[in-house]
Amino acid sequence: MASYAWVLAIRPGYEAEYKKRHDEIWPEMTEALQQSGIRNYHIFAHGLTLFGYFETDDFEATAAFLADNEVNARWSEYMAPIMQVDIDPATSFPYLLAKQFSHD
């Protein structure tokens with residue numbers, strides 16, 4: 001299984017709202033993540049910077065599933081006013097970070 005990471009940002013003043021929305025994440029959104037093949041998904045915050053980490057067996061299939069998923073589209077629209085997100089046009093997914101080091 002391969003691992004992936006991204007960096008996004010919370011708009012200033014929305015830190016508590018970001019946390020609240022994820023504490024109350026829609027069950028259908030977590031189901032969509034599971035159906036997409038995402039496992040071991042974590043989001044960490046450092047100030048306004050968010051670092052996301054996840055694993056999937058097939059990133060292309062995961063990205064395609066989420067790009068066509070109505071629940072993911074609604075979640076993205078719901079989160080858009082409080083986030084700064086750069087989307088890679090090649091994948092319709094946030095830009096992924098290049099792995100620099102791994103210790104197993």
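**Entry 1: a word I need before I start**

Two strands pair if DSSP finds at least two bridges between them. With that in hand, I looked up one facing couple: Ala-45 stands opposite Leu-50 in β3. I also noted for myself that I am working with a predicted model.

**Entry 2: the overall layout**

I went through the secondary structure and found four helices and six strands in the chain. Starting at the N terminus, I read the order of elements as β-α-α-β-β-α-α-β-β-β. The radius of gyration is 14 Å, close to the 13 Å given by the globule rule for 104 residues, so the chain is as compact as a globular protein of that length. I then checked the C-alpha trace, which spans about 35 × 30 × 25 Å along its principal axes.

**Entry 3: contacts and surface**

How much of the chain counts as buried? I found 31% of the 104 residues in that class. For contacts with a separation of 6 or more, I noted that 74% come from residues 24 or more positions apart. The accessible surface is about 6800 Å², and carbon and sulfur atoms hold 54% of that. I looked up the charges too: there are 7 positive and 16 negative side chains. The centres of those two sets lie 6 Å apart.

**Entry 4: the sheet**

Next I followed the strands. Four of them form an open sheet in the order β2-β3-β1-β4, with antiparallel pairing. Its edge strands are β2 and β4 (83-84), each of which pairs on one side only.

I then took the pairings in turn. Strand β2 (residues 39-46) and strand β3 (residues 49-56) run antiparallel and are joined by six bridges. Two residues sit between the strands in this hairpin, and Gly-47 takes a positive phi near 65° there. On to β1 (residues 2-10), which pairs with β3 in the antiparallel sense over eight bridges.

Which residue of β3 is the bridge partner of Leu-8? I found Leu-50. That name was already in my notes, as Leu-50 also stands opposite Ala-45.

**Entry 5: Arg-21**

I picked a residue in helix α1 (residues 15-23), namely Arg-21. Is Arg-21 buried or exposed? Its relative accessible area is 14%, and buried means under 20%, so Arg-21 counts as buried. Leaving aside neighbours within four places in sequence, I listed the contacts of Arg-21 as Trp-75, Tyr-78, Met-79 and Ile-82.

**Entry 6: Phe-65**

My next stop was Phe-65, in helix α3 (residues 59-67). With a relative accessible area of 28%, Phe-65 is partly exposed. Apart from neighbours within four places in sequence, Phe-65 is in contact with Ala-32, Gln-35 and Ser-36. I looked up the spacing for one of these: Phe-65 and Ala-32 are 33 residues apart in sequence and 8.7 Å apart in space, C-alpha to C-alpha.

**Entry 7: Ile-87**

Not counting residues up to four places away in sequence, Ile-87 touches Ser-92, Phe-93, Pro-94 and Tyr-95. I also looked up the way from Ile-87 to Ala-2: these two are 85 residues apart in sequence and 20 Å apart in space, C-alpha to C-alpha.

How values were computed:
Residues numbered from 1 in each chain as written. Predicted model: local features only at pLDDT ≥ 70, side-chain atom pairs only at ≥ 80, totals over all residues. Heavy atoms only, no water. Rg over C-alpha atoms; globule rule 2.2 N^0.38 Å. Buried < 20%, exposed > 50% of the residue type's maximum accessible area, 1.4 Å probe, protein only. Contact = heavy atoms within 4.5 Å. Areas by Shrake-Rupley, 256 points an atom, 1.4 Å probe, with all protein chains shown as cover. Lys, Arg positive; Asp, Glu negative; His and termini not counted. Charge placed at Lys NZ, Arg CZ, Asp CG, Glu CD.
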